[in-house]
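Q: Please take a close look at a single part of this model, one residue and its contacts. Then set that part against the rest of the chain, in one connected answer.

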Amino acid sequence: MASVVPVKEKKLMDVKLGELPSWILMRDFTPKGIAGAFQRGYYRYYNKYVNVKRGGVAGISMVLAAYVLFNYCRCYKELKHERLRKYH
């Protein structure tokens, strides 16, 4: 028989759609909890893409692509206005 795992200890990919609101409410949204989540994400990314035996440009290029996309989204209003302007 399968063991029952509490909703709080499940990963996001293991949570069913009906359990999602209760899973979100059980997360730690204090500044310390949010900082811990960012730290876990950073270490997970670093160990997967940067700290490898035969590393390449993949890890750095993903960070650069995310930076470019973020800045494009941030400046989209100005870019859209510039695109629609007529020069004549």
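**A buried lysine and its setting**

A: Lys 10 counts as buried, because its relative accessibility is 18% and the limit for buried is under 20%. The model is predicted. Lys 10 sits in the segment before helix H1, which covers 20–25.

What does Lys 10 touch, leaving out residues up to four places away in sequence? The list is Val 5, Val 15, Glu 19 and Trp 23. Glu 19 also has a polar link to this lysine: the two side chains make a polar contact of 3.2 Å. So Lys 10 is buried at 18% relative accessibility, and its side chain has a polar contact with that of Glu 19.

The protein has 88 residues, and 8% of them count as buried. Lys 10 is among the buried ones, at 18%. The fold has four helices and zero strands. Along the sequence this reads α-α-α-α.

Asn 71 lies in helix H3, residues 58–74. Is Asn 71 buried or exposed? Asn 71 counts as buried, because its relative accessibility is 18%. The side chain of Asn 71 makes a polar contact of 3.1 Å with the side chain of Arg 74. Lys 10, in turn, has its polar contact with Glu 19.

An unreviewed UniProt entry lists residues 55–73 as "transmembrane region". In the model, residues 55–73 are 84% helix and 0% strand. The end C-alpha atoms of that stretch are 30 Å apart.

How many disulfides does the count give? The count is zero. Cys 73 is in no disulfide; its nearest cysteine sulfur belongs to Cys 75, 9.7 Å away. Cys 75 is likewise in no disulfide, with the sulfur of Cys 73 at 9.7 Å. A pair would have to lie within 2.5 Å to count. Cys 73 counts as exposed, because its relative accessibility is 52% and the limit is over 50%. Cys 75, at 28%, counts as partly exposed.

Last, the aromatic side chains. The whole structure holds four aromatic pairs. One of them joins Tyr 45 and Tyr 49: the ring centres are 5.2 Å apart and the planes meet at 45°, so this pair is tilted. Both tyrosines lie in helix H2, residues 31–50. They are four residues apart there, about one turn of the helix.

Lys 10 lies in the segment before helix H1. Its contacts include Val 5 and Trp 23. Its side chain has a polar contact with Glu 19 at 3.2 Å.

How values were computed: Residues numbered from 1 in each chain as written. Predicted model: local features only at pLDDT ≥ 70, side-chain atom pairs only at ≥ 80, totals over all residues. Heavy atoms only, no water. UniProt positions renumbered as here; feature names shortened; annotations may be inferred. Helix = DSSP H or I, 4+ residues; strand = E, 2+ residues; numbered from the N terminus. Buried < 20%, exposed > 50% of the residue type's maximum accessible area, 1.4 Å probe, protein only. Phe/Tyr/Trp six-rings, centres within 6.5 Å; stacked < 30°, edge-to-face > 60°. Polar contact = N/O pair within 3.5 Å; in protein donor to acceptor, adjacent residues only side chain to side chain. Contact = heavy atoms within 4.5 Å.
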